[in-house]
Amino acid sequence: MKSPVRVAVIGGGVVGCSVLYHLAKAGWTDAVLIEKDELTCGSTWHAAGGMHTLNSDPNVAKLQSYTINLYKEIEAISGQSCGIHLTGGVMLAGTPERMDYLRAMHAKGRYLGMQTELISIDEAARRFPLMDKRHFIGALFDPMEGHVDPYGVTHAYAKAARQLGAEVYRQTRVTDVTPRPQGGWDIVTDAGTIQAEHVVNAGGLWARELGRMVGLELPVLAMEHMYLITEDLPELVERDGELIHAIDFEGETYMRQERKGMLLGTYEKAGVPWSPRSAPWEFSRALLPPDLDRIAHNLEVGFAHFPPIERAGIKQIVNGPFTFAPDGNPLIGPVRGLPGYWLACGVMAGFSQGGGVGLALANWMTDGDPGFDVWAMDASRYGSWAGLAYTNAKVRENYGRRFQIRFPNEELPAGRPLRTTPLYDRLKGERAVFGDSWGLEHALWFAPEGMEPVETVTFKRSNAHGPVGEECRGVREAVGMIEISNFAKYEITGPGAEAWLARVLANSPPRQGRIVLSPMLNPRGRLIGDFTLAQADPERFFLFGSGVAEDYHLRWFADHMADEGVTLCSLGTDLYGLSIAGPQARTLLQRVTAEDMSNEAFPFLTFREMEVGLIPAKVGRISFTGDLGYEIWVRNDYLLALYNTLRAAGADLGLKLFGGRALNSLRLEKGFGTWAREYRPIYGPAEAGLTRFVDFAKGDFIGRDAALKDRDQGPQRRLVTMTVDDAGVDVMGDEPIWSGDSVVGWVTSGGYAHFVGRSIALGYVPADLAVPDAPLTIEILGDRRPATVVTRPLFDPEARRMRG
């Protein structure tokens, strides 16, 4: 075996072979793949081979589209047939809610260039004549749907990689992976040790076991998955051409033609994990015993909906394991604290996503950036809190819901509550409805007396609409309080702290006792973070950001840390907080502190360590509501006391508890963007309207040259705030924005702004359309609604409340 090598990929399934091919194509030909048995021997060989472009995340959908278009390329390069059957397919709706879902998916596909088509049930029955159309009301047709030969695709990747100079070692089991003192890795196998600069865990069913070799407990779990193949159907024997694919959401089944019979698979609610604690190494190219009783209900529905399948005999039942992450998306990317160790696992839809995963990871390894927005697949979206039991609960939930609607306001219950703050029980007693962020429970809204604290799930306005409106008015008219413990918090100290922050952040660090807002950029000048930075002392700073991106940002900080003079610490659960906002916020805070809180003594963007009541606190005058407000941070053991202090002092001021839904409404009427929606690695500060928070004059910082070029050339698209002529339905995100008969942009987020009484959408449009009189419409659940660009915030446009 070759050693040393630049990169060793462990795992010879479709994902590992795709990674190897893309690395070799990118020029890293000094690469090897190590497979313990034969290629495809884990879960690839028994896969149904289905492929489709549609995904709830548009960025993942782009990579799926790339994967499907790649197959002809690797066929031509390798000479290996991929067995491509691009038949097209229909997604069938049996309820009005499912039809709304298909309208939303169709709309998302518009701005991605997908040629999906909403069709009547009569047209769906014409294209897929096996159905009993009485059970359905409409359908979505996708021409980019079909299936491939799993063996052929995997070997095409491997052959193409070998032609470029990569090597494949079969019948070679990895027994250990250890870091080398001078950097790189020793991959210990039963045939010898390979030294590698980089290692990729593409272990599939054994990804978890490979992770444990380097101290990782990866949040992946294999589930048993069954499909059956029927005997020949007379309807297909007599038919010329191949039948399209079909998904029956109500029956939770998918199906396609297999020779002259049908392949029918199901995602049953009572899914069963396979080897939930440890996958046996000896398992190879094997199937599990069928259990038709477990899927009997799904089959009963499927047979009723597609009678010719019921009349056919069953020729074969396939039950095999596939790996899933808790949310069903892959786990890819580098791992914090393990330089040169990369993940490409949890890819349950390997023939839809494998090519895109290989491309993104190869770009990331060779260029330092995936080249796409892969946040939905980035392994850093899970922290150490996602252990075995949590993963088991969430994967089983996700598996059983694979063909169910995930409504935009729906919070799933499995694995919760997991992480809570000292206020959880108190807020629950106040009738809070909770969501979770990075495993941490946080209040979304508060149900009034007489209303059950449960939100109805819908694509439209839910029962939370009225209570959230009352919370918003409570903030704007008096004072509101929200827990903000789900923010990420970091302390940066040392003589080199200021210089390091000036290099990694786009804005200049503030002077002592002040706060600045700052984006963080990658070398391409794209947004990878949005922070609040405060200086407490000359060598001590506090940085606040998105809680869900904490591990993502910690990885970036570690990769760009100064050699000496700087210490960064994530404060995590050691520092919790409350925010108060509204015209009475200053009065409330003044009642509980001896500090002078006047505007002259404590102006906007001030930061001070002070006592609030009996409690030592860090107080910043800033609020995401865009109102007069303060963020108050305390040690976790003081949080309950702080809450009690503020509740008591604010009772006669009309202090109102508010949650994340109200905060979203309040920030929309100020036109404030947020991380992972308006600010993502596909946008730069000029197009996102953040140039005022970038200090180009301070000298060099990461991303400066690229961001300066974008600023000077002028952005081709801009983030805008729009009011929408709604019909009782607000945007959810990812809707297409139209100008005339052309899709010109997309919505990033939105909702109803209760205090100003308008439906609002934020989104990106061409720069020449970012003007008030631009003729724009937004497609919401199939209905194109007029939208008007507003260039000033709808609430407090002069920021007198916020700054006064």
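**Close-up views of a predicted protein model**

**View 1. Trp 438 in the loop between two strands.** Trp 438 is buried, with a relative accessible area of 14% (buried means under 20% relative accessible area, exposed over 50%, and partly exposed in between, using a 1.4 Å probe and protein chains only). The loop that holds Trp 438 runs between strand S20 (432-437) and strand S21 (440-446); helices (H or I, at least four residues) and strands (E, at least two) are DSSP runs numbered from the N terminus. Although Trp 438 is not a glycine, its phi is positive, at about 55 degrees. A word on the source: this is a predicted model, in which local features need pLDDT of at least 70 and side-chain atom pairs count only at pLDDT 80 or more, while totals for chains, interfaces and linings use all residues. Residues are numbered from 1 along each chain as its sequence is written, and side-chain values use heavy atoms, with hydrogens and water left out.

**View 2. Leu 781, another residue with positive phi.** Look for Leu 781 in the loop between strand S37 (776-780) and strand S38 (783-790). Leu 781 is not a glycine, yet its phi is positive, at about 50 degrees. With a relative accessible area of 11%, Leu 781 is buried.

**View 3. Two cis peptide bonds.** Ser 3 and Pro 4 are joined by a cis peptide bond with omega of about 0 degrees. Pro 4 sits in the segment before strand S1 (5-10). Pro 417 belongs to the loop between helix H11 (388-400) and helix H12 (424-429).

**View 4. Tyr 157 and the largest nonpolar core.** A nonpolar core here is a set of buried Ala, Val, Leu, Ile, Met, Phe, Trp, Tyr and Cys residues joined through side-chain atoms within 4.5 Å. The largest one has 98 residues, and those touching the most other members are Val 9, Tyr 71, Tyr 157, Val 200, Met 722 and Ile 778. Helix H1 (residues 14-25) supplies the largest share of this core, eight residues. A second, separate core of 46 residues includes Trp 375, Leu 527, Val 694 and Ala 707. Leaving aside neighbours within four places in sequence, the contacts of Tyr 157 include Val 14, Cys 17, Tyr 21, Leu 70, Tyr 71 and Gly 354, where contact means heavy atoms within 4.5 Å.

**View 5. Pro 276 and its partners.** Pro 276 is in the loop between strand S16 (273-274) and helix H8 (296-305). At 37% relative accessibility, this proline counts as partly exposed. Not counting residues up to four places away in sequence, Pro 276 touches Arg 208, Leu 221, Leu 388 and Asn 392. Pro 276 and Gly 400 are 124 residues apart in sequence, and their C-alpha atoms are 16 Å apart in space.

**View 6. Stepping back to the whole protein.** The secondary structure comes to 20 helices and 38 strands. The radius of gyration is 27 Å, close to the 28 Å that the globule rule gives for 804 residues, so the protein is as compact as a globular protein of that length; the radius is taken over C-alpha atoms, and the rule is 2.2 Å times the number of residues to the power 0.38. Along its principal axes, the C-alpha trace spans about 85 × 65 × 50 Å. Buried residues make up 62% of the 804 residues.
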